[in-house]
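Work through the exercises below with the sequence and the 3D view open beside you. Try each task on your own before you read its solution.

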Amino acid sequence: MSQQLAIIVLVDVGNALDSRTLEDNTYLFDNMKLQGSEGEGTGDLVTAINGSYWSDGSQASEQVLNWLPYSLGSIPPTVPRGYEADRARQSDLEALADLSALANRPPEGADMGSQLHEIHRSVGARVKSTGHGQGRPGGKILDVTGSVVTSDNAAAHSYPAPVITDIYGEAVDEKIIYPAEYGSPDLVTDGWYWSATVDTSKPGTYGYTMRIQLHSLVRKGEELLWDPVNLTCQSRLRITREPKRNAFTKAGMGMLPLP
């Protein structure tokens, strides 16, 4: 049976956009540290992949890699997928309630123009997609606390999660991994994720490159837009013929106990 291995790609999006590089702004983790992975939590991760073989030395099964990109300092990826839409709808309802209260009982001597401006401001700023690359859907801008952001304080916005758009390089050219983007109803990965099977019959260390798309908030005229920025980062896989170890008993080589 194939073993599912996860590689988390955590990106400091703000700094990466400022410096236009993922170097020193990307932190990689996997769940193979106890199997020999090195460089956990750095940009120089070497993922250990132990083969699975029958007693005659033939390959028993392939391993499966899953890449999960996250943004540092943004809304946690564990919130439901419809969180941003729910928060935007709530701000609209609050603005309508304030507008209704102002119309029914306007404060005596109040500056109505100023009152209406504050209500309009509380609705928050909307952003549009540039429509190229994978793009981002339009919607309201939120900060890391989930509050809507107004157009005059948009610098406090939360960055969208990074998007992996391609995986290529030595490990692909040598046919060690066969990466592809898949869709699923997973609420955390927004339905799309990159995965690859691994040919563990070729021990060695192989590099690969991830093309990652970030989104920068830019103002063009009166509009706010998500402008896609494509950057790359590298990582490595180390394929060995060491046997998989039991994660529950931490047993080494030998037969598993049978009831």
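**Exercise 1: the surroundings of D30**

Leaving aside residues up to four places away in sequence, D30 touches A6, I7, S37, E40, L45, T47 and A48, where contact means heavy atoms within 4.5 Å. The model is a predicted one, in which local features need pLDDT of at least 70 and side-chain atom pairs count only at pLDDT 80 or more, while totals for chains, interfaces and linings use all residues. Residues are numbered from 1 along each chain as its sequence is written, and side-chain values use heavy atoms, with hydrogens and water left out.

Task: Find the element that holds D30, decide whether D30 is buried or exposed, and list polar contacts of its side chain.

Solution. Begin with the element: D30 lies in strand β2 (helices, H or I with at least four residues, and strands, E with at least two, are DSSP runs numbered from the N terminus). Next, take the accessibility: D30 has a relative accessible area of 11% and is therefore buried (buried means under 20% relative accessible area, exposed over 50%, and partly exposed in between, with a 1.4 Å probe and protein chains only). Then follow the side chain of D30, which reaches the backbone nitrogen of M32 at 3.0 Å and makes a polar contact with the side chain of T47 at 2.9 Å. A polar contact is a pair of N or O atoms within 3.5 Å; within protein, one must be able to donate a hydrogen and the other to accept it, and residues adjacent in sequence count only if both atoms are side-chain atoms.

**Exercise 2: the core and an aromatic pair**

Task: Which residues touch the most other members of the largest nonpolar core, and which residue forms an aromatic pair with W67?

Solution. The largest nonpolar core has 32 residues, of which L65, W67, I177, M210 and L214 touch the most other members. Such a core is a set of buried Ala, Val, Leu, Ile, Met, Phe, Trp, Tyr and Cys residues joined through side-chain atoms within 4.5 Å.

The structure also holds 2 aromatic pairs. In one of them, W67 and Y208 are edge-to-face, 5.6 Å centre to centre with 70° between the planes (rings of Phe, Tyr and Trp, taking its six-membered ring, pair if their centres lie within 6.5 Å; planes under 30 degrees apart count as stacked, over 60 as edge-to-face and the rest as tilted). Because W67 lies in strand β4 and Y208 in strand β10, the pair ties together parts that are 141 residues apart in sequence. Finally, W67 is buried at 0% relative accessibility, and Y208 is buried at 1%.
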